[in-house]
Amino acid sequence: MKGSKTVFVCSECGYTNPKWLGRCPECSSWNSFVQEVVAEPSSKKSIPSAPVSNNKAEKLSELTVTEYFRSKTGMDELDRVLGGGLVEGSVVLLSGEPGIGKSTLLLQISSELSRGRKVLYVSGEESRGQLKLRAERLGIAGDSLYLLTETDLDVVLVECERLRPDVLIIDSVQTLSSERFTSAPGSITQVKETSMALISYAKTFGAAVFLVGHVNKEGGISGPKVLEHMVDAVLYFEGERTNSYRIIRAIKNRFGPTNEIGVFEMSDRGLVEIPNPSEVVMAERPKNTSGSCAGCVMQGTRPIISEIQALVTKSAYSSGKRTSDGFDYNRMCLLIAVLEKRMGLKFYENDVYLNVAGGIHLDEPSADLSIAMALISGITDKVIPDHLIAFGEIGLAGEVRAVSHIDYRVKEAVRLGFTKLLIPKKNLTKTLRRYEGVEIVGVENIYEVLVHMVKREQDGLL
Ligand code: TYD
Ligand code: MG
């Protein structure tokens with residue numbers, strides 16, 4: 001191609017190099033370089049000596065603050081993840097695996113958003129017929145909801161110019177391309193330039209834009225990571241294809257807290273919100289089984305109670321097998337090592353299978369105590385009382401360390417009917433609210449929990 005040259009771009013971070021490299025010097029990922037064609041600029045542009053601009057730096061003290069205008073999406077679970085609603089002029093990247101429910105969610109919220117606002121839903125993946133059929137199935141109507149099936153960015157921009165939508169949904173950003181950019185559709189440069197054009201539209205006209213992004217097999221958004229830097233909020237849609245629960249998690253949010261989650265269930269009428277996930281998870285809890293303990297983790301501002309299950313069986317081999325689902329594997333091994341060293345429990349002779357019920361991922365150290373208790377219960381075969389819940393971080397000496405947001409956790413545990421709470425002693429302050437009929441016990445180390453783990457003291461544990 002005349003007037004163009006090729007460069008090699010790292011598909012992970014967008015780093016460019018004139019030659020192919022096996023390993024990216026920027027983000028250290030292997031085998032991530034792909035070849036792309038870039039157009040040579042027709043003439044070298046130089047910065048004008050005196051740029052014409054009205055944009056001047058202002059003193060911070062003189063700046064006036066304008067409140068963000070937020071629109072409700074009709075789904076409280078999503079609104080919370082967004083920080084209280086969709087902010088006007090913001091760009092939100094929604095990413096997830098194929099078939100997880102991205103298109104379904106966006107079509108569902110389009111209906112509510114189109115009340116008094118113009119919504120343009122651009123699909124590069126489905127036909128009008130398919131979209132209409134899905135909308136009918138979801139019971140979606142809306143006079144100001146416009147559908148466009150298009151993969152050419154420039155046509156989309158012309159339609160945006162004509163319709164001036166308040167909310168623009170692009171499903172997906174990888175399917176859009178423009179002839180103005182010389183690289184192939186779906187390539188990193190195309191995705192980057194396309195997103196740039198859409199972000200600039202959002203900022204110019206104050207429209208809220210949703211970009212759907214596919215994830216690659218490693219779980220990252222295909223295309224450069226730069227996409228995550230360019231947008232205002234990044235939401236990950238998580239869930240197993242085999243179970244119907246779906247979680248939306250804010251990884252980045254310029255207008256709200258991160259790590260906030262929204263919980264949904266995929267039904268035959270689209271996604272249904274689950275406002276009380278703890279109740280759903282705990283409803284299926286088996287009674288009188290060893291190796292089960294209730295724990296609580298904070299997901300953003302919300303405490304979620306889940307059941308931890310540990311199955312400990314005699315190992316057929318010299319070294320026991322360990323698996324962990326929903327909790328960090330290495331952290332589980334560390335907790336097992338603490339229990340072996342400090343309490344003399346012989347996990348090394350056993351296989352250990354750890355599972356967090358309900359598909360929730362416990363990525364907070366406050367789950368340590370409940371995990372340790374489930375493991376102890378699993379190896380000793382003693383049943384932990386159903387009404388008991390525990391939270392606390394465990395140190396290498398077996399000490400139980402304080403956790404954050406203790407009041408939220410206690411309140412949620414009491415709401416779910418737990419009457420005995422084991423919490424770190426440091427958290428047991430006078431300010432902690434007392435609840436009638438609820439025993440809150442402060443524990444200092446892992447040995448102290450043993451007496452609380454059995455129904456009657458004389459049962460003994462070890
Ligand atoms: P979809 O939104 O197309 O996923 P994505 O856009 O993330 O690729 O969701 C597709 C899946 O959801 C598909 O397997 C069918 C299922 N589904 C339902 O179970 N109920 C419904 O009402 C709808 C619309 C889809
Ligand atoms: Mg889709």
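Student: How many nonpolar, polar and charged residues are in the shell around ligand 1?
Tutor: Ala, Val, Leu, Ile, Met, Phe, Trp, Tyr, Cys and Pro count as nonpolar, Asp, Glu, Lys and Arg as charged, and the others, Gly among them, as polar. By these classes, the shell divides into four nonpolar, six polar and six charged residues.

Student: What kind of model is this?
Tutor: Residues are numbered from 1 along each chain as its sequence is written, chains are lettered from A and ligands numbered from 1 in the order written, and side-chain values use heavy atoms, leaving out hydrogens and water. Local features need pLDDT of at least 70, side-chain atom pairs count only at pLDDT 80 or more, and totals for chains, interfaces and linings use all residues; the model is predicted.

Student: Which residue has a side-chain N or O atom 2.9 Å from an oxygen atom of ligand 1?
Tutor: A polar contact is a pair of N or O atoms within 3.5 Å. Gly-99 makes one through a backbone N or O atom, at 2.7 Å from a ligand oxygen. Gly-270 also uses a backbone N or O atom, at 2.8 Å. The side-chain contact at 2.9 Å belongs to Arg-134.

Student: How much of the accessible area of ligand 1 does the protein cover?
Tutor: Accessible area comes from the Shrake-Rupley method with a 1.4 Å probe. On its own, ligand 1 has 560 Å² of it.

Student: Which element gives the most to the shell around ligand 1?
Tutor: Helices (H or I, at least four residues) and strands (E, at least two) are DSSP runs, numbered from the N terminus. Helix H2 (102-113), helix H3 (128-137) and strand E13 (261-267) each give two or more residues to the shell. With three residues, the top contributor is H2.

Student: What is the volume of the largest pocket?
Tutor: On a 1 Å grid over the protein atoms alone, a pocket is an open set of points with protein on both sides within 12 Å along at least five of seven lines. A volume is the space filled by probe spheres set on the points. For the largest pocket that is about 560 Å³.

Student: Which domains each give at least three residues to the lining of the largest pocket?
Tutor: Lining residues have an atom within 4 Å of a point. The pocket has 24 of them, with Glu-240, Asn-243, Gly-358, Gly-359 and Ile-360 nearest its centre. Strand E12 (245-253) is one of the elements that give two or more. Domain bounds come from an automatic or database assignment, and the domains asked for are domain 2 (68-275) and domain 3 (284-457).

Student: What is the volume of the largest cavity?
Tutor: A cavity is a set of points where a 1.4 Å probe fits but cannot get out. The whole structure has one of 30 Å³ or more. Its lining includes Leu-82, Asp-232 and Phe-255. The volume is about 50 Å³.

Student: Which peptide bond is cis, with omega near 5°?
Tutor: Most peptide bonds are trans. Ser-172 sits in the loop between strand E9 (167-171) and helix H5 (188-205). The cis bond runs from Asp-171 to Ser-172.

Conventions:
Polar contact = N/O pair within 3.5 Å; in protein donor to acceptor, adjacent residues only side chain to side chain.
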